[in-house]
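Dear colleague,

I am handing over a structure for you to look at, and my notes on what I found follow just after it. Please keep the structure open while you read them.

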Amino acid sequence: MAQEKGQPTISEITCQEIGRWVSAYLDEHVGDERKRQIVLHLAICAGCETYVKQIATVRDVVGLLPKAVEHPSDSHRLRQAFVARTRRYLLVAEGH
Ligand SMILES: [Zn+2]
């Protein structure tokens, strides 16, 4: 018995990768192997465990809100369009 059995070598996952995989992990969109890596990392890394819990909480809250918050870039674009239009109206009103 030169080798230990039942101890598969699991490539380590970094905190950075946790950040990248957290959404897929919470959506259950990760493979078994990846999920095991994440679970193992969370078991030994309090920082990432807290981080994942926070993301899960935020996602729960966001899930309860109307769809409007889902596309911040869209709302930003809309706001810019609104500002541009308002500016044009002001110029017209001032007689330019
Ligand atoms: Zn970590």
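In this predicted model, the largest nonpolar core is made of eight residues, namely Ile-13, Ile-18, Val-22, Tyr-25, Ile-38, Leu-42, Cys-48 and Val-52. Two or more residues of this core come from each of helix H1 (15-26), H2 and helix H3 (46-64), and H1 gives the most, with three residues. As background, nonpolar side chains in soluble globular proteins tend to be buried together.

Arg-34 counts as partly exposed because 15 other C-beta atoms lie within 10 Å, a number between the limit of 12 or fewer for exposed residues and that of 20 or more for buried ones. Although Arg-34 and Ile-13 are 21 residues apart in sequence, their C-alpha atoms are 8.8 Å apart in space.

The loop between H1 and H2 holds Glu-28, and this residue is exposed because it has 7 other C-beta atoms within 10 Å, where 12 or fewer is the cut-off. What is the phi of Glu-28? The value is near 65°, which is positive in a residue other than glycine. Most residues other than glycine have a negative phi.

With best wishes

Methods:
Residues are numbered from 1 along each chain as its sequence is written. This is a predicted model: local features need pLDDT of at least 70, side-chain atom pairs count only at pLDDT 80 or more; totals for chains, interfaces and linings use all residues. A nonpolar core is a set of buried Ala, Val, Leu, Ile, Met, Phe, Trp, Tyr and Cys residues joined through C-beta atoms within 7 Å. Helices (H or I, at least four residues) and strands (E, at least two) are DSSP runs, numbered from the N terminus.
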